[in-house]
Every structure is written in C-alpha cells, then in structure tokens.
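Below are a few exercises to work through with the structure on screen, each followed by a solution.

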Amino acid sequence: MEQKKKILVTGAAGALAKKVIDKLKHEYKIIAVDFRSKVDLGIPVESYKVDFNKRIFEDIFREHHFDGIIHLGRISAQELNRFTRYNANVIGTRKLLDLAIKYKVPQVLVLSTYFVYGASPYNPSLLDETTPLKASELTMDLVDSVELENLSTIYLYKHPELNITILRPCNIAGPGVRNTFSLLLSEKRSPVLWGFSPLMQFIHIDDMRDAICIAFDKNKPGVYNIAPDDYIGFQEAIKASGSKPLPIPSIPPALTDSIARFLKWKSFPPYLINYFKYPVIIDGSLFAKTFGFTPKKSLSDIFTYYKNLK
C-alpha cells in the first residue's frame with residue numbers, strides 16, 4: 001500500500017483550517033499545529049500546540065519529513081497585542097520557511113489577506129496582484145500582515161524550490177468564521193459609518209476551503225487574489241443579513257476613532273475604520289483562470305446563513 005504524503009497545516013484551531021483538514025485528511029497524512037491551543041481533530045489527524053519559535057517546532061519537522069505545508073496560522077489584529085502578533089506572524093513564519101528549506105519541503109501555501117492593500121480613496125477601482133501593499137502606511141495594526149506577505153514573497157523568489165503559493169482572499173464568511181466582517185453580519189445591530197457604504201466582496205468559507213485545496217493540489221507558485229466577481233455595498237450586506245445598521249459619525253475622524261475605542265467592539269476595530277469608508281475590490285481573475293476556480297456559494301447563500309442565525 002502506497003504511503004500517504006504528509007502535510008503540515010498551521011492555524012488548526014481556526015474554522016477554515018478545520019475544513020481544509022477535513023477535506024484533505026483522506027488523501028494526505030495531516031499534522032496539525034496551532035499557536036493558541038491543541039485541537040482535537042480526531043483520528044487520523046495528529047495535533048500539537050506549539051510556538052513556531054521554540055525548538056519543539058523543529059522536532060516536528062525532523063520527525064515527520066513533510067511533503068507540503070499549508071500555512072493558515074496568521075493571527076488577526078483583533079486577537080492579540082502587536083508584539084505577540086508580530087512574533088507569531090512574522091518571526092514565526094520566517095522560522096517556518098527556514099525549516100522548510102532545511103528539511104527540503106517541496107511545497108508551501110501561505111494564506112494572506114486583502115487587508116494588505118490598505119483602504120484609501122486613491123485606490124484603483126480594481127486591485128490586481130501587482131498593486132502595492134499600503135496597509136502598513138495607514139495603520140500600525142496591519143504591519144505584521146504586510147510583513148508576513150512581504151517575507152513570503154521574498155522566499156517565493158529567493159527559494160523557488162519551496163514552490164510557494166500566496167493567497168489573498170477577500171472577506172471570508174460563513175459558519176464558524178470569527179473575523180471582523182463576519183461578526184458584523186452576525187449581530188442584530190451593526191455599526192456603520194454615516195454617509196459611507198463601500199462596495200465589499202465576500203467568499204463563503206466552503207469556497208475558500210476548496211480554493212486552498214485546489215491551489216495546493218495543482219501547485220502553481222505565485223501570488224493570487226481570491227474573490228468572486230460580484231460585490232455589494234456594505235450597508236446593503238448588513239441589511240441582507242438581517243441586521244439593522246447603527247450609524248456612527250464619520251467626521252471628525254478622531255471622534256469616530258474615539259467611539260470605536262470606547263465601545264471596544266470587536267466587530268468595529270479602530271484600525272479598520274478606513275475599510276468602512278473606502279472600497280477595496282480585488283481582481284480574482286488570475287486565480288480563477290490559473291486554477292479553473294469558480295465559487296459555488298452566492299452572496300445570497302452567505303447572507304441567508306447569517307439571517308437565519310437571528
């Protein structure tokens with residue numbers, strides 16, 4: 001009987017990683033790790049709680065001889081403080097990639113985010129993969145996300161033997177997702193900025209799972225946006241999800257920021273204020289063409305899920 005290839009999946013405590021693991025575990029031998037907690041994923045998946053910067057992480061590489069890595073372990077800005085996030089996202093990812101080189105892992109997939117582009121009134125109407133990443137110029141809270149991707153891009157070109165694929169998805173939504181905009185869609189009353197309803201894109205978690213699995217299976221290194229062709233105004237999305245918009249003053253900017261900090265809404269973090277003002281629409285055509293990918297879930301499917309929760 002042919003032995004299954006071994007894959008390391010990071011960020012195993014997240015809803016997306018769990019779905020990816022569940023889909024791949026029959027075809028591959030999965031080793032799951034997470035910075036936050038050890039996750040019971042059932043047989044036959046081995047799971048570890050591990051700090052990427054500790055020696056035990058290398059012990060896992062030494063023991064298992066991985067055939068690939070799916071790096072979904074990016075810590076979002078709403079989870080931990082800047083210092084901890086930077087150590088996990090940037091220093092930890094560098095350690096991961098260095099170990100991949102040392103132990104000759106032939107393939108690495110890295111999950112990034114569309115937030116790296118930054119939200120600005122000067123953005124082009126459609127952002128492709130060549131658009132500069134400006135988020136770190138607009139807020140310090142996204143510096144680690146931008147540096148994680150810049151680091152991965154450096155390794156992509158400096159170490160072609162790693163066959164690195166970097167994915168920049170739009171807003172991921174659906175069951176189990178706990179990111180900023182998913183939380184907003186879940187609430188009965190959701191904060192919005194008075195006078196602003198930027199266009200936004202959403203991809204269902206099941207479609208994102210499929211995109212990751214397709215990208216890993218086909219192994220075509222590069223940087224790819226992932227987004228459907230359709231989009232919707234933010235306030236329309238809130239209403240379609242069964243939520244009521246709660247208008248917040250948008251001027252002066254200092255007042256908006258103060259309100260967000262005072263109320264401590266996880267779904268309305270101050271560092272994302274510009275994303276509530278200006279559209280960040282990404283062009284997903286390169287990924288769709290390269291991998292033959294088409295999302296199966298519509299915007300209606302996504303919003304109906306949140307509407308049914310209420």
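## Exercise 1: the open sheet

I166 has V223 as its bridge partner in β11. Before going on, note that this is a predicted model, where local features need pLDDT of at least 70, side-chain atom pairs count only at pLDDT 80 or more, and totals for chains, interfaces and linings use all residues. Residues are numbered from 1 along each chain as its sequence is written, and side-chain values use heavy atoms, with hydrogens and water left out.

Task: work out the order in which the strands form the open sheet, and find its edge strands.

Solution. 
- Step 1. Start from β6 (residues 164–169), which is joined to β11 by 5 bridges, the two running parallel. Strands count as paired if DSSP finds at least two bridges between them. The strands themselves are DSSP runs of E, at least two residues long, while helices are runs of H or I of at least four residues, and both are numbered from the N terminus.
- Step 2. Follow the pairing across: 7 strands give the order β3-β2-β1-β4-β5-β6-β11, with parallel pairing.
- Step 3. Look for strands that pair on one side only: these edges are β3 (46–49) and β11 (222–226).
- Step 4. Check the twist, which averages 15 degrees from one strand to the next. Axes here are lines fitted to C-alpha atoms, for helices over the stretch in contact, and angles run from 0 to 180 degrees between N-to-C directions.
- Step 5. α3 (residues 82–102) lies across β1 (6–10), β4 (68–71), β5 (108–111) and β6, at about 170 degrees to β4. α5 (residues 143–158) lies across β5, β6 and β11, at about 150 degrees to β6.

## Exercise 2: the two sides of α2

Task: find which residues of α2 are buried and which are exposed.

Solution. 
- Step 1. Pick out the buried ones in α2 (residues 55–64): F57, E58, I60, F61 and H64. Buried means under 20% relative accessible area, exposed over 50%, and partly exposed in between (1.4 Å probe, protein chains only).
- Step 2. See how they are arranged: they cover an arc of only 150 degrees around the axis, so they sit on the same side of α2. The arc is that of the directions from the helix axis to the C-beta atoms.
- Step 3. Turn to the other side of α2, where R55 and E63 are exposed.
- Step 4. Ask what the buried residues pack against: β1, β2 (29–34), β3, β4 and α3. Contact means heavy atoms within 4.5 Å.
- Step 5. Step just past α2, and H65 takes a positive phi of about 50 degrees.

## Exercise 3: aromatic pairs

Task: describe the ring pair F61 and F66, then the pair F196 and Y278.

Solution. 
- Step 1. A search of the whole structure turns up 19 aromatic pairs. Rings of Phe, Tyr and Trp (its six-membered ring) pair if their centres lie within 6.5 Å; planes under 30 degrees apart are stacked, over 60 edge-to-face, and the rest tilted.
- Step 2. F61 and F66 are edge-to-face, 5.3 Å centre to centre with 85 degrees between the planes. F61 is buried at 1% relative accessible area, and F66 is buried too, at 4%.
- Step 3. F196 and Y278 are also edge-to-face, at 6.3 Å and 85 degrees. This pair links distant parts of the chain, 82 residues apart: F196 is in the loop between β8 (189–193) and β9 (199–200), and Y278 in the loop between α9 (253–263) and α10 (285–291). F196 is partly exposed at 23%, and Y278 is partly exposed at 22%.
- Step 4. Now find the cluster: ring pairs link Y114, F115, F181, F234, Y275 and F276.
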